[in-house]
Amino acid sequence: MTERRFQYLRPEDIRRLAGFEFAPKAVVEGYFAGRHVSRSRGSSVEFRDYRQYVPGDDLALVDWRVFGRTDRYYLRTYDHETSMDCHLFLDSSASMGFGKDLTKLEYASFFTACLAYLVVRGGDRVSLQIFDKKIRTFIPPGSTGTHLNGLLNLLERNQPGERTSLAESLRSSFPLLKRRGILIVVSDFFDDPAAIFTALGPYLHRGFKIFLFHVLTPAEMELEDKGLVAFRDLETGKRITAHTDDVQAGYLDALERHIDALRDLATRRNVDYIIARTDTHFHRLFERLIQ
Amino acid sequence: MSVFFLNAVLWPLAILVGLPLIVHLFARARPPLYDFSSVEFIQRALRFSQRIRKPKDWLLLILRTAAVAAIILLFLRPMMFSHSGGSLFERKNVVVILDASASMGWSDGSQMRFAVACAEASEILAGLSSRDAADVVLAGAASRAVFPTMGSNIGYLQGEIRRARLTSETLDPESALRLALHLLNGQEGRKEICIISDFQATNWRGINPRLPPDVGLTCVSTAHGEAPNAAILRIEIDPLHSLPGEEATLLCEVGNFSGTPLRKTVVVAVESARMSREAVIPPWGRMTVLFKQRISSSSPFSVSAALTEDGFPGDDRRWALAEPTDVLRVGLVSFGQDDATAAAWARGCRALGWARPDLLTPRWRIPRRAVMC
């Protein structure tokens, strides 16, 4: 599937992913028969329930045993198995360029590439949206090796851009997604939590299963001691001079409140919210994803 | 109210007041740059901490500046005058009255008050510029000025101060002030009198100098706290001319010049003999300590009395010369050559050996009887 060597999909990652199968328990809709449960009823081996016969129904579906017991016409219905669409949202704002050895964007790109590989390997379709304050690139869903190659190439060319506006990007991308499926957002979520979940509302209403991966570096989560420094915002260029000792407690408190707000809103909307620290291997995130 | 800086030459140090401000500004402007993902949370944290930190920064700057200003003022040694003395850059005429009375010999531990006064006077003179005129009045019972008129040779005045010696006189402050005013009379510019003294209460009680309005007065005290002092005031021998073998009484009068009772040991030395007695002298009081001594010969001898030393040793020791006599002169009033009574008394005195009769003939008539003087 991937002959050439890609920056974000290394052979060792492929080897490690051999034991994984991306199959989140989500109800999807699809055109092709596949492994995932569809809300539409169809023919398969999975029995769903009985329903009364109405004129026009295929007589072959009538359960004659039930008719023999009750003298009524009932049809056996089965779950229709279909392919899944996995929509990957990758935040490529300037703040994702933060990180000493491994930037948040690189970490997120590794994760996204492996995820796309897993989805395509499972015969499902994967789409990719790269955004900052607006959608920069959109690759529509596809399940072929060529599609995966194009996606991986795009990830390699990708660079941190401008300011984050996750809510705006989610609003803009909603019309682009034709079918419901899995929505995976990989971002540092430097946006208003309420606005993010307002923008996720239509997706949830349409039945998307949503995973939010909050990428943070240890330096952000602990605010390492740097003494008196001029903090320069990677997105806005704004400078604030402060001593890390003076602001550390307040910063950690503010960050914790932000995370708590995101987690609280996610729990209420039945959205999976996962914190992804860049000092932990991204394979650990797959374990969370398939739980 | 005017200010006079004793070390005006150090005025350029005032530039250092700006140092904390420069340090403050540079310290704020040179932190290393740290690219951070988002400063939003830091800004939120600062919203709380800056409300406290910003006034703290300003307060710190004010305190630093005040500390540097205080140090500079310490070096400049400002002195405030009670009367307006015109502009700071006007010519100054300064007369330093240096108290050289006995009380200035009090030692406050390491050095005498007079030494401190000399140093203070020298520093005051060092603070004058070449345009200023000065003189020094060495004050005692009779005050004298170093220059007959105001002069600008500050170095000479400082040399005279170094050579000045303490006197054992009491201070006459009025004569010293009169002399200072006389020196300042007719001078142009600011006129100042600077008195450096211990302001001993007994000398300065009731002194209220009335100075002309154009003359400023500065008092520099070299005394720090009370100086408890005891002194031997008097030493007497009774009888004045004792006979050999007679027991004489030595009277030592001691005084306490402090507000607290003093316990002192009075030691009397007569020839080779030494006697001591302890005395508790009441505050501001006097007492007499008695010693008995038998006179051994008729030759004169010295008697010394001493107190345990205090901060002012000049009055802790006193001497007296005892002059015993080998004969006692007896005066006999005789009423002519045929006065048998007088002749008999004279014969009796001569027989004693230690009595020498002197026959006296009165010019006026007194009752006929012998009188022994």
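This is a predicted model: local features need pLDDT of at least 70, side-chain atom pairs count only at pLDDT 80 or more; totals for chains, interfaces and linings use all residues.
Local features are reported at pLDDT of at least 70 and side-chain atom pairs at pLDDT 80 or more, whereas totals for chains, interfaces and linings use all residues. Residues are numbered from 1 along each chain as its sequence is written, and chains are lettered from A and ligands numbered from 1 in the order in which they are written.

**View 1. An open sheet of three strands with the order S9(A)-S8(A)-S2(B).** Pairing in this sheet is mixed, where two strands count as paired if DSSP finds at least two bridges between them, and where helices (H or I, at least four residues) and strands (E, at least two) are DSSP runs numbered from the N terminus. The edge strands, each pairing on one side only, are S9 (239-243) of chain A and S2 (33-36) of chain B. Neighbouring strands are turned by 35° against each other on average, direction ignored. Strand S8 (residues 228-233) of chain A runs antiparallel to S9(A), to which five bridges join it, and A:Ala230 of chain A stands opposite A:Thr241 in S9(A). With S2(B), by contrast, S8(A) pairs in the parallel sense over four bridges, and here A:Phe231 stands opposite B:Tyr34. Strands of a sheet pair through backbone hydrogen bonds, either parallel or antiparallel.

**View 2. Helix H8 of chain A lying across S8 and S9 of chain A.** The helix comprises residues 244-268 and runs at about 105° to S9(A); axes are lines fitted to C-alpha atoms, for helices over the stretch in contact, and angles run from 0 to 180 degrees between N-to-C directions.

**View 3. The contact between chain A and chain B.** Chain A contributes 24 residues and chain B 20 residues, two residues being in contact if their C-beta atoms, placed from the backbone, lie within 7 Å. On the side of chain B that touches chain A, S2 and helix H2 (40-76) of chain B each supply at least two residues, and H2(B) gives the most, with 10 residues. By class, this side of chain B has 11 nonpolar, four polar and five charged residues (Ala, Val, Leu, Ile, Met, Phe, Trp, Tyr, Cys and Pro count as nonpolar, Asp, Glu, Lys and Arg as charged, and the others, Gly among them, as polar).

**View 4. The packing of H5(A) against H6(A).** The axes of H5(A) and helix H6 (residues 193-206) of chain A are 8 Å apart, at an angle of about 5°, and the two helices are therefore roughly parallel to each other (angles under 35 degrees count as roughly parallel). From H5(A), A:Leu166, A:Ala167, A:Leu170 and A:Arg171 meet A:Ala195, A:Ile196, A:Thr198, A:Ala199 and A:Leu200 of H6(A). Residues of this contact divide into seven nonpolar, one polar and one charged.

View 5. Leaving aside neighbours within four places in sequence, A:Ser173 is in contact with A:Gln129 and A:Ile135. Its C-alpha atom is separated by 9.2 Å from that of A:Lys134, 39 residues apart along the chain.

Note on methods:
Angles under 35 degrees count as roughly parallel, over 145 as roughly antiparallel, 65 to 115 as roughly perpendicular and the rest as oblique.
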